[in-house]
Amino acid sequence: MMWQDEQWRDERWRGELGDAFAGLVPECIDDRPLTGRIEGTTVGELGAFQIAGSPQTVRRSRSAVRRRPTDAVKVCVQLQGRAIVRQG
């Protein structure tokens, strides 16, 4: 499956990110519009993705974890900007 390199805004970005990553929900952290894009591919069980967007906090709630459990392993490689990744 290929993901398109297309910029999404606001509700569309929320939907695309949540669908792609088991219920992740982005939230704005400043006054700019919420935007993002996903580019990637999956082969069998393996997926590789490049994600970019406006400044945002991305969370997966406990209820999302219960609704959409996953054994996926996440590896983040920060190419520019900054990120804080927290599990727990």
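Apart from neighbours within four places in sequence, T35 is in contact with Q7, W8, R9, W13, A52, G53, S54 and Q56; contact here requires heavy atoms within 4.5 Å. The structure is a predicted model, in which local features need pLDDT of at least 70, side-chain atom pairs count only at pLDDT 80 or more, and totals for chains, interfaces and linings use all residues. Residues are numbered from 1 along each chain as its sequence is written, and side-chain values use heavy atoms, with hydrogens and water left out.

T35 lies in strand 4, which covers residues 35-43. Helices (H or I, at least four residues) and strands (E, at least two) are DSSP runs, numbered from the N terminus. The relative accessible area of T35 is 13%, so the residue is buried. Buried means under 20% relative accessible area, exposed over 50%, and partly exposed in between (1.4 Å probe, protein chains only).

Two aromatic pairs were found in a search of the whole structure. Rings of Phe, Tyr and Trp (its six-membered ring) pair if their centres lie within 6.5 Å; planes under 30 degrees apart count as stacked, over 60 as edge-to-face and the rest as tilted. W8 and W13 form a stacked pair, at 6.2 Å centre to centre and 25° between the planes. Both W8 and W13 are buried.

F21 pairs with F49. Their ring centres are 5.2 Å apart and their planes stand at 80°, so this pair is edge-to-face. The pair links distant parts of the chain, 28 residues apart. F21 sits in the loop between helix 1 (10-20) and strand 3 (25-28), and F49 in strand 5 (residues 46-53). F21 is partly exposed, at 21% relative accessible area. F49 is also partly exposed, at 31%.
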